[in-house]
Amino acid sequence: MRVQVAIIGAGPAGMVLGHLLHRAGVDLIVLEQRSRAYVEGRVRAGVLEHGTVQTLRDLGVGERLAAEGLVHDGVSLACDGDVLRIDLAALTGGRGVTVYGQQEVMRDVFDAAEARGLPVIFGCEDVALEGLDGAAATVRWGQDGAAQSVVCDFVAGCDGQHGVSRASVPPGVLVTHARSYPFAWLGILADVPPAAPELIYASHEDGFALASMRSATRSRYYLQCPLDTRIEDWPDGRFWDELERRLGPEAAAGVVRGPSFDKSLAPLRSTVTEPLRFGRLFLAGDAAHIVPPTGAKGMNLAVADVRRLAEALLAFYAEGGEGALDAYGPAALRRVWQAARFSWWFTGLTHRFPGADGFDRRLQRAEFDVLAGSRAAQMAFAEAYVGPAEV
Ligand code: RFL
Ligand code: PHB
C-alpha cells in the first residue's frame, strides 16, 4: 500500500489533520492503536477556543457543536472566597470560548470520517516507523495477528504523550524541555446542573478547585491534590465538602451534589519537544507538547498545530519545495510556548505549592488584586484564555 501521508493516532490532532487533508484530496491513512470506543470514551478537554470552533465548523463537523456547545462570554476567578468575573467577550472584541467535551468532538470527527470515507484503522498493534530520513517512509503494524505496512511521503506523529513517533527519532536530535508540577488534579463527572453558568477557577489556602461542566445537566469538577493521592480515599462526600470549601461560600452556593460516575487523577506537567520535524516525520499535538490543564489549551494547541501542518503539506503538494514544511515547526512552537507560558502563570496563580510560605501566598493574592483592579490585566488574561483571533 502507498499513501501520501500516514497519520499516527486518531485523537483530536490526527483526526482534524485527517479531515483537513482528505477534503483537499490528499491520499492518507490514519492508524490508531486503540478502539474507537476507547478514544471516544476518554474524559478530557472541555473548553474550545474560538479558532478551534472555527476549524471544526469549516470542516463541516460543527453542526452538533453549534447546537449543543455552550458559548461562554466570561469566566470567574475566586481567591479565598472573593469572586472576580472576567468578561472575555467584552475584553476581546466578542471572542468567547465554547464548552463542548472532547468526547463529543471525537464522536463528530469519527462519524464524519465514516460518512466521507476517510480511512481510520483502529486496533493497530506495535506501530513502527522506518526510513524517516530516507526517500520514503514505511509504517508497519500488526492487525489481528497479520503484518501490515504502508509506504508514504510523510508521517504525521499525532500519537500523543506516550506515542511511538517521538520515540522513533534517533537520540540526540530532539530536545524536550519539561516542568513537572508537584501536584495532580482529581476530576469528577456528575449528572447534576453546574454550580454556575460559567467556569469558576478557585485559589484557596488548601489548594485549587475548578467548577466546569459538559452541559446544563452534567458537571465537571476538579480539585488540586498531592501526586500520591488514591482515588479510593476520595468518596463523593469528601470531594463535595472539599470543593465547596475551596470555592468559598459565594461560588459554592450554586453547587448541586449528586453521585459521580467518573473519577480520575491527572498529574500536571508541561513539556515542549523541539524541533517538530525529523526528515519525513512531523510531530503535532500532545506528541510534541503537554501543558497543564489549567489554561485549557491542550486540545486547542493540537488543532492549531495540525491546521498549520495541513497548510504546509498542501503547499508542498501544490508547489513543491520544502519551505512551508520547514516553517511549520518554528511557527507552531511560538504559539505553543505562549500557551505554555499562560498555563504556567495561571497554574502558579491558582495552585498551592508544597513549601509555599506566607510571602508566596500574599504574592498570589496581590496578583489576583492586580487582575481585579486593572482592565489592562484582565484584557491580557482574556486574550490568552480565548486564544488568537486569526484561524
Ligand atoms: P491524544 O488525544 O492523546 O491522541 C493521541 C492518539 O494516539 C494514539 N496512540 C497511538 N496510535 C498508534 N500507535 C501508537 N503507538 C500510539 N500511541 C498512541 C492514542 O491512543 C490516541 O488516540 O493527543 P492529541 O490528538 O494530540 O490531542 C491532545 C488532547 O487530547 C489533549 O491535549 C487534551 O485532552 C488536554 N486537555 C485539555 N485540552 C484543552 O484544550 N482544553 C481543556 O479543557 C483540557 N482539559 C486536558 C484537560 C487533558 C486532561 N488530561 C486527562 C490529561 C483536562 C484533563 C484532565
Ligand atoms: C474541563 O471542563 O474539563 C476543563 C475546563 C477548563 C480547564 C480544564 C478542564 O482549564
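Predicted model: local features only at pLDDT ≥ 70, side-chain atom pairs only at ≥ 80, totals over all residues.
Let me begin with ligand 1. There are 32 residues around ligand 1, and among these Glu32, Arg42, Gln102, Asp286 and Met299 come nearest. Gln33, by contrast, takes part through its backbone, where an N or O atom lies 3.2 Å from a nitrogen atom of ligand 1. Taken on its own, ligand 1 has 1000 Å² of accessible area, and the protein covers 88% of that.

Which elements give two or more residues to the shell around ligand 1? They are α1, residues 12-22, and α9, residues 298-319, and it is α9 that provides the largest share, with 4 residues. If we sort this shell by class, we find 15 nonpolar, 10 polar and 7 charged residues.

Let me turn now to ligand 2, which has 14 residues around it, with Tyr201, Ser212, Arg214, Tyr222 and Pro293 coming nearest. Here a polar side-chain atom of Tyr201 lies 2.8 Å from an oxygen atom of the ligand, while the backbone contributes through Pro293, with a polar atom 2.8 Å from an oxygen atom of ligand 2, and through Thr294, where the corresponding distance is 3.0 Å. On its own this ligand has 280 Å² of accessible area, of which the protein covers 97%.

For ligand 2 the elements that give two or more residues to the shell are strands, namely β14, residues 209-215, and β15, residues 218-225, and β14 supplies the largest share, with 3 residues. By class, this shell divides into 8 nonpolar, 3 polar and 3 charged residues.

Finally, I would like to look at helices α10, residues 323-350, and α11, residues 358-373, whose axes are 8 Å apart and which pack at an angle of about 115°. Angles of 65 to 115 degrees count as roughly perpendicular, and α10 and α11 are therefore described as roughly perpendicular to each other. On the α10 side the contact is made by Trp345, Gly348, Leu349 and Thr350, and these meet Gln364, Glu367, Phe368 and Leu371 of α11. By class, this contact has 4 nonpolar, 3 polar and 1 charged residues.

Technical notes. Residues numbered from 1 in each chain as written. Chains lettered and ligands numbered in written order. Heavy atoms only, no water. Near = heavy atom within 4 Å. Polar contact = N/O pair within 3.5 Å; in protein donor to acceptor, adjacent residues only side chain to side chain. Areas by Shrake-Rupley, 256 points an atom, 1.4 Å probe, with all protein chains shown as cover. Nonpolar A, V, L, I, M, F, W, Y, C, P; charged D, E, K, R; others polar. Axes fitted to C-alpha atoms, helices over the stretch in contact; angles between N-to-C directions. Parallel < 35°, antiparallel > 145°, perpendicular 65-115°, else oblique. Contact = heavy atoms within 4.5 Å.
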